[in-house]
Amino acid sequence: MAIKQIGWNIVGAASRMWCTQKTNKHQGCLLALLLCVLPLAAQDSLQLQKQTTTVRLLGIGHVNQLDTYLSPETYMGQELRYVSQIVKENGSKYAREMVHQANISFTKNRNQNNSELGGFYNFQYNVLRTLGNWQLSKGRLLLKVGGGGDANIGFLYNARNSNNPAQVYAALNLTANVDLSYRFRIGNRPLQLRYGLQLPFLGMRYSPNYGQSYYEIFVEGDYDRNLVATTPWSAPSLRHQLTIDIGFSTTALRLGFLGDYQQAKVNHLRFHTWSNLFVVGFVKRFSVVKLHP
């Protein structure tokens with residue numbers, strides 16, 4: 001029987017005896033017993049129900065882009081990205097994660113005589129399970145693995161193209177995820193090193209075919225296989241992140257690196273966008289504690 005249940009049983013029995021006993025001696029013993037058991041029962045009844053971690057990051061860095069539907073040239077430049085992450089845990093080994101990312105890029109070709117403007121939105125929903133929780137030196141090492149869904153939409157505009165000036169992107173993937181974190185302290189300062197990896201393994205992607213215009217797509221519909229299934233062979237992509245959290249009172253400062261490498265070869269067209277970003281932001285954790293009678 002749990003300590004909490006034992007404690008409340010003793011409290012109940014003591015209360016009944018208190019009502020039937022008349023002597024001061026018995027009353028004094030029962031009062032002492034109550035004072036000892038009540039704190040124990042109350043302490044065990046406090047249980048952590050939910051913990052929510054929110055992350056807000058701003059990333060800036062270099063991006064390399066290629067889309068042979070628009071140009072055979074590779075374009076390079078700068079990218080600005082916003083990342084919002086919410087992780088919800090309920091005291092079990094499972095955690096749910098939702099990630100929103102939005103970015104905008106400005107790139108030029110090698111001759112610096114043409115430019116492209118791009119924008120993307122990414123949404124992820126993942127379920128992770130804790131596989132390991134080990135004491136390592138003076139810290140704790142946690143390993144979580146899982147999977148989920150990844151959705152991407154976006155555009156790329158070429159400033160000099162007149163026939164096909166823009167490309168539209170839409171993709172949906174099933175992904176595998178790994179999260180490895182190490183929590184430790186330096187003095188009284190809590191720190192956490194974290195590495196996260198996401199790999200898509202099966203998906204669906206929208207793409208025009210080689211030589212096909214968007215006018216043909218709008219008029220004729222999906223006559224030329226514009227929805228294409230993707231695998232790690234036709235779309236070998238990954239997204240990973242290495243960060244450190246520096247804890248303060250209720251907030252942590254997060255610094256790190258985000259690498260996002262999305263690419264595909266479908267319908268005789270090649271596409272890639274490789275981003276290497278420095279990220280900075282804040283992490284907040286909220287816990288909900290409920291008293292069970």
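1. Basis. The model is predicted, so local features need pLDDT of at least 70 and side-chain atom pairs count only at pLDDT 80 or more, while totals for chains, interfaces and linings use all residues. Residues are numbered from 1 along each chain as its sequence is written, and side-chain values use heavy atoms, with hydrogens and water left out.

2. Elements. The protein chain has three helices and eleven strands. Helices (H or I, at least four residues) and strands (E, at least two) are DSSP runs numbered from the N terminus. In order from the N terminus, the elements are α-α-β-β-β-β-β-β-β-α-β-β-β-β.

3. Burial and surface. Of the 293 residues in the protein chain, 40% are buried. Buried means under 20% relative accessible area, exposed means over 50%, and partly exposed is in between (1.4 Å probe, protein chains only). The accessible surface of the chain is about 16,900 Å², and carbon and sulfur atoms hold 64% of that surface. Accessible areas come from the Shrake-Rupley method with a 1.4 Å probe, and for residues only the protein chains shown count as cover.

4. Contacts. Contact means heavy atoms within 4.5 Å. Among the contacts in the protein chain with a separation of 6 or more, 63% are between residues 24 or more positions apart.

5. Cores. The largest nonpolar core has ten residues: Tyr69, Leu70, Phe120, Leu156, Tyr169, Tyr206, Tyr214, Ile217, Leu269 and Phe271. Helix H3 (214–220) and E11 each supply at least two residues of this core. A second, separate core has nine residues, including Val55, Val83, Ala252 and Leu258. A nonpolar core is a set of buried Ala, Val, Leu, Ile, Met, Phe, Trp, Tyr and Cys residues joined through side-chain atoms within 4.5 Å.

6. Phe271. Apart from neighbours within four places in sequence, Phe271 is in contact with Leu66, Asp67, Phe120, Tyr169, Arg205, Gln262, Gln263 and Ala264. Phe120 and Tyr169 also belong to the largest nonpolar core.

7. The largest cavity. The whole structure contains five cavities of 30 Å³ or more, and the largest cavity holds about 360 Å³ of space. Of its 31 lining residues, Asn152, Arg239, Gln262, Phe271 and Thr273 are the closest to the centre. On a 1 Å grid over the protein atoms alone, a cavity is a set of points where a 1.4 Å probe fits but cannot get out, a pocket is an open set with protein on both sides within 12 Å along at least five of seven lines, and lining residues have an atom within 4 Å of a point. Grid points are joined across faces, edges and corners, and a volume is the space filled by probe spheres set on the points.

8. The cavity lining. The lining of the largest cavity has eleven nonpolar, 15 polar and five charged residues. Here Ala, Val, Leu, Ile, Met, Phe, Trp, Tyr, Cys and Pro count as nonpolar, Asp, Glu, Lys and Arg as charged, and the others, Gly among them, as polar. E7 gives the most to this lining, with five residues.

9. The largest pocket. The largest pocket has a volume of about 360 Å³. It is lined by 17 residues, and the closest to its centre are Pro190, Leu191, Gly247, Ala252 and Arg285. Seven of the lining residues are nonpolar, five polar and five charged. Strands that each supply at least two residues of the lining include E6 (166–186), E7 (189–206) and E9 (238–247).

10. Gln241 is in strand E9 and is buried, with a relative accessible area of 15%. Tyr261 lies in strand E10. Tyr261 and His240 are 21 residues apart in sequence and 8.8 Å apart in space, C-alpha to C-alpha.

11. Loop residues. Most residues other than glycine have a negative phi. Gln112, in the loop between E3 and E4, has a positive phi of about 60° and is exposed, with a relative accessible area of 53%. Ser137 has a positive phi of about 55° and is exposed at 66%. Arg110 is in the loop between E3 and E4, and its relative accessible area of 63% makes it exposed.
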